[in-house]
Amino acid sequence: AASIIDGLSNLLSHEPPATRDFDINTTVQRVARTLAGEFHKSGTRLSQHLNPSPIWICASEIQTEQVIMNLVVNARDALPEGGRVEITTAVQERHESPGSADLPAGRYVVLTVRDDGAGMAEDVAARVFEPYFTTKRTGTGLGLAIVKHVLSRHDARLSIASEQGKGATFSCLFPVESRLRR
């Protein structure tokens with residue numbers, strides 16, 4: 001209940017998030033440790049493929065942790081019979097391409113959460129970020145709406161790739177600009 005209230009507060013807040021530099025790999029590892037017991041009980045394997053070097057971003061660490069947690073729990077929930085959830089981090093250079101006006105060229109920290117579940121129909125994938133939209137019996141429909149809102153407040157982008165029978169992949173792209181430490 002507390003996480004739902006915190007999420008709603010973030011969703012409704014107009015205050016800019018308090019940001020600082022932190023290593024996103026460390027945050028991913030902390031989330032994975034926190035969820036290890038739940039994943040073991042559900043028969044779902046959680047794997048991490050993290051960039052070998054630390055990836056520093058300037059963001060709200062608490063809100064970024066909430067984003068990762070929501071995406072990973074959502075992926076696990078898409079696997080009622082068990083399966084695999086994979087978290088990856090990387091730094092990518094994106095180039096201008098036709099039709100990509102919403103994502104300027106530049107360097108991005110990419111956080112990806114992928115599951116090997118049933119995937120989503122196109123009409124469901126188009127609605128997953130709407131507040132209160134859910135396909136779960138006990139879901140609130142706020143998790144992915146909160147993820148999208150938090151990322152937009154950090155000038156980050158969120159994309160989804162899903163095909164029925166082949167799982168889903170959620171990718172978060174944080175602009176690096178001059179924030180990446182080497």
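Tutor: Tyr132 counts as exposed because its relative accessibility is 59%, where exposed means over 50% relative accessible area, buried under 20% and partly exposed in between, with a 1.4 Å probe and protein chains only. This is a predicted model, in which local features need pLDDT of at least 70, side-chain atom pairs count only at pLDDT 80 or more, and totals for chains, interfaces and linings use all residues. Residues are numbered from 1 along each chain as its sequence is written, and side-chain values use heavy atoms, leaving out hydrogens and water.

Most residues other than glycine have a negative phi. Tyr132, however, has a positive phi near 75°, and this residue sits in the loop between helix H4 (122–125) and helix H5 (143–153), helices being DSSP runs of H or I with at least four residues and strands runs of E with at least two, numbered from the N terminus. Asp155, also not a glycine, has a positive phi of about 55°; Asp155 lies in the loop between H5 and strand S6 (157–162), and at 49% relative accessibility Asp155 is partly exposed.

Turning to the sheet, 5 strands form an open, mixed arrangement in the order S2-S4-S5-S7-S6, two strands being paired if DSSP finds at least two bridges between them. Strand S2 (44–49) and S6 are the edge strands, each pairing on one side only. S2 runs parallel to strand S4 (residues 83–94), joined by 6 bridges. H5 packs on this sheet, touching S6 and S7, with contact meaning heavy atoms within 4.5 Å. The direction of H5 makes about 140° with that of S6, where axes are lines fitted to C-alpha atoms, for helices over the stretch in contact, and angles run from 0 to 180 degrees between N-to-C directions.
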